[in-house]
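Me: Got a model I'd like to go through with you. Can we start with helix packing and then move to the DNA?
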Protein chains: 2
Amino acid sequence: MRSDEIIRRLRRSGYKVTPQRVSIIKTLLGSREALTPAALFQKVRLVDPTVGEVTVYRTLNILSELGLVCVVSTAENVNGYIVRPGGHHDHLICSECGKVVDFRNCNVSELEKRLASETGFVIKEHRLDLYGLCPQCA
Amino acid sequence: MRSDEIIRRLRRSGYKVTPQRVSIIKTLLGSREALTPAALFQKVRLVDPTVGEVTVYRTLNILSELGLVCVVSTAENVNGYIVRPGGHHDHLICSECGKVVDFRNCNVSELEKRLASETGFVIKEHRLDLYGLCPQCA
DNA sequence: ATGGTTGCAAAGACTTTGCAGGAGG
DNA sequence: CCTCCTGCAAAGTCTTTGCAACCAT
């Protein structure tokens with residue numbers, strides 16, 4: 001998802017488009033990994049020092065309510081936020097150096113079908129993270 | 001995973017097996033959904049009123065450190081805990097109510113092989129989260 | 001103009017830590 | 001027995017809320 005799409009959705013839902021919100025959205029989009037509110041605040045602050053931590057929280061809550069962002073659990077039992085992926089969101093992550101490679105063609109549609117019939121869930125999207133060692137670290 | 005396995009792992013790691021810890025572990029195992037620390041505390045308390053909330057937190061931290069339990073994000077942006085399924089870490093998550101179902105047989109080993117040869121990564125584990133609507137919310 | 005927004009400070013919620021008494025191995 | 005564990009209370013974090021000034025529309 002691109003920042004202008006998110007901004008349009010905001011405006012369409014009756015929220016005002018302030019420079020602080022734009023900075024927060026762009027920073028979130030610019031990060032590959034999930035950001036905690038505190039981490040996002042620090043990153044935003046480098047670009048736009050007018051943004052306060054409270055506004056980060058408030059903006060994340062709005063984006064979350066609109067379904068534009070989703071919440072994941074980070075390693076330290078803290079909630080992290082990422083922009084909700086368009087189709088999917090599949091990563092190959094090196095446990096040693098932290099490098100992240102994106103890939104498509106994850107081919108879990110068959111699995112999705114099977115689980116849908118077993119559990120009754122309507123499956124809309126997914127996220128697959130594979131962990132291992134990259135060629136340099138192996 | 002069964003409670004006696006978890007208890008054995010605890011003892012083997014040098015932790016003592018107290019009735020409070022046993023109650024907490026059994027309650028966590030008895031719940032199909034992820035429990036927040038507060039929810040787990042309430043459930044445990046019904047079975048064993050000697051368990052304090054602080055002990056719930058401490059036990060969850062130990063289980064998490066040993067990798068016996070994993071953390072998921074619940075609907076209200078609060079961390080929930082579930083016992084980690086055997087090998088991997090696969091979830092089916094309702095975007096509406098936040099319910100989490102874990103499953104096995106995710107069958108990504110073929111994909112892992114293909115990616116390994118394409119990227120040179122040595123793949124060790126993975127995490128697959130599927131998002132959708134549960135039968136109640138659909 | 002005007003209603004939503006912002007930063008600040010304070011309050012509220014969640015989680016961890018210090019301590020004295022108690023229990024597991 | 002000795003060490004780790006427990007509950008309680010207090011401290012420490014994380015997140016939300018009240019308020020006056022401010023800005024997008």
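Me: At what angle do helix H3 and H4(A) of chain A pack?
Reply: Helix H3 (residues 37–47) of chain A and H4(A) pack at about 120°, and their axes are 9 Å apart. Helices here are DSSP runs of H or I with at least four residues, strands are runs of E with at least two, and both are numbered from the N terminus. Axes are lines fitted to C-alpha atoms, for helices over the stretch in contact, and angles run from 0 to 180 degrees between N-to-C directions.

Me: What do we call that orientation of H3(A) and H4(A)?
Reply: H3(A) and H4(A) are therefore oblique to each other. The classes: under 35 degrees is roughly parallel, over 145 roughly antiparallel, 65 to 115 roughly perpendicular, and the rest oblique.

Me: Is the crossing of H3(A) and H4(A) left-handed or right-handed?
Reply: Right-handed for H3(A) and H4(A).

Me: Which residues make the contact?
Reply: From H3(A), A:Pro37, A:Ala38, A:Leu40 and A:Phe41. From H4(A), A:Glu53, A:Val56, A:Tyr57 and A:Leu60. Contact means heavy atoms within 4.5 Å. By class, the contact of H3(A) with H4(A) has 7 nonpolar, no polar and 1 charged residues. Ala, Val, Leu, Ile, Met, Phe, Trp, Tyr, Cys and Pro count as nonpolar, Asp, Glu, Lys and Arg as charged, and the others, Gly among them, as polar.

Me: Quick check on provenance and numbering?
Reply: This is a predicted model, where local features need pLDDT of at least 70 and side-chain atom pairs count only at pLDDT 80 or more, while totals for chains, interfaces and linings use all residues. Residues are numbered from 1 along each chain as its sequence is written, chains are lettered from A and ligands numbered from 1 in the order in which they are written, and side-chain values use heavy atoms, with hydrogens and water left out.

Me: OK. How do H2(A) and H3(A) cross?
Reply: Their axes come within 9 Å and cross at roughly 110°. That makes H2(A) roughly perpendicular to H3(A). H2(A) passes H3(A) in a right-handed crossing. H2(A) brings A:Ser23, A:Ile24, A:Thr27 and A:Leu28 to the contact, and H3(A) brings A:Leu40, A:Lys43 and A:Val44.

Me: And over in chain B, at what angle do H2(B) and H4(B) cross?
Reply: Roughly 70°, with the axes of H2(B) and H4(B) coming within 10 Å. H2(B) and H4(B) are therefore roughly perpendicular to each other. Among the contact residues are B:Ile24 and B:Leu28 of H2(B), plus B:Val56 and B:Leu60 of H4(B). The contact of H2(B) with H4(B) divides into 7 nonpolar, 3 polar and 1 charged.

Me: DNA now. Which residues are closest to DNA strand D?
Reply: A:Tyr57, B:Lys16, B:Thr50, B:Gly52 and B:Thr55, out of 20 residues surrounding DNA strand D. Near means a heavy atom of the residue lies within 4 Å of the strand.

Me: Which helix supplies the largest share of the surface near DNA strand D?
Reply: H4(A), with 4 residues.

Me: Which polar contacts reach DNA strand D?
Reply: The side chain of A:Arg11 has an N or O atom 3.1 Å from a phosphate oxygen of DNA strand D. A polar backbone atom of B:Gly52 is 2.7 Å from a phosphate oxygen. B:Arg58 goes to a base: a side-chain N or O atom is 2.7 Å from a base nitrogen. A polar contact is a pair of N or O atoms within 3.5 Å; within protein, one must be able to donate a hydrogen and the other to accept it, and residues adjacent in sequence count only if both atoms are side-chain atoms.

Me: What comes nearest to DNA strand C?
Reply: A:Thr50, A:Gly52, A:Thr55, A:Arg58 and B:Tyr57, of the 20 residues around DNA strand C. B:Tyr57 also puts a side-chain N or O atom 2.4 Å from a phosphate oxygen of DNA strand C. For A:Thr18, a polar side-chain atom lies 2.9 Å from a phosphate oxygen.

Me: Which helix gives the most there?
Reply: H4(B) gives the most to the surface near DNA strand C, with 4 residues.

Note on methods
A crossing is left-handed if the near helix is turned anticlockwise from the far one by less than a right angle, and right-handed if clockwise.
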